[in-house]
Amino acid sequence: MIGKNIARIRKKRGYTLSEFAELANISKSYLSNIERDINKNPSLEVMQKIAKVLNVDLITLLKPSKDFDKHLYIEKEWVNFFKELKELGIEKEEIQQYKLLIEFIKWRNERSE
């Protein structure tokens, strides 16, 4: 169950097994064993590394349901975009101001078409 959840989210995020293993600092073979449910009891430390890279909480990885909420899946490009904004020093509170600017630009572009 845990392994299938990890594999499903990893693929949804667009990571290959190799990329994901490197980002999580876990060996590719160990991660593969977890995803294939060969290792059904990974340590809490490993699970935290996996959850951090996938940008989900541990509960999401442990959910028995196969019907994950769609809002939990964020495309890799969006995650990278927000990481870039954070690296530029933009705080979460400032995003709303930028949203207004984007809406204005979109409105202006629609009027000029």
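Which residues form a nonpolar patch on the surface? They are Tyr98, Leu101, Ile102, Phe104, Ile105 and Trp107, with about 590 Å² of accessible area together. Areas come from the Shrake-Rupley method with a 1.4 Å probe, and for residues only the protein chains shown count as cover. Patches are made of residues with over 30% relative accessible area and no salt bridge; nonpolar side chains (Val, Leu, Ile, Met, Phe, Trp, Tyr) are joined within 5 Å, like charges within 9 Å. A salt bridge is a side-chain nitrogen of Lys or Arg within 4 Å of a carboxyl oxygen of Asp or Glu. Tyr98 is found in helix α7, residues 92-112. Its relative accessible area is 37%, so Tyr98 is partly exposed. Buried means under 20%, exposed over 50%, and partly exposed in between (1.4 Å probe, protein chains only).

A word on the basis. This is a predicted model, in which local features need pLDDT of at least 70 and side-chain atom pairs count only at pLDDT 80 or more, while totals for chains, interfaces and linings use all residues. Residues are numbered from 1 along each chain as its sequence is written, and side-chain values use heavy atoms, with hydrogens and water left out.

Now the fold. The protein has 7 helices and 0 strands. Helices (H or I, at least four residues) and strands (E, at least two) are DSSP runs, numbered from the N terminus. Of the 113 residues, 30% count as buried. The protein exposes about 8500 Å², and carbon and sulfur atoms supply 55% of it. Take contacts, meaning heavy atoms within 4.5 Å, between residues at least 6 apart in sequence: 57% join residues at least 24 apart.

Next, α4. Its buried residues are Val46, Met47, Ile50, Ala51, Val53 and Leu54. They lie on the same side of α4 because they cover an arc of only 165° around the axis. That arc is taken from the directions from the helix axis to the C-beta atoms. The buried residues of α4 pack against α1 (2-13), α2, α3 and α5. The face turned away from this buried side carries the exposed residues Leu44, Glu45 and Lys52.

What follows α4? Asn55 does, with a positive phi near 60°. Most residues other than glycine have a negative phi. Asn55 is found in the loop between α4 (44-54) and α5 (58-62). Its relative accessible area is 47%, so Asn55 is partly exposed.

Asn25 also has a positive phi, near 60°. Asn25 sits in the loop between α2 (17-24) and α3 (28-35). Asn25 is exposed, with a relative accessible area of 60%.
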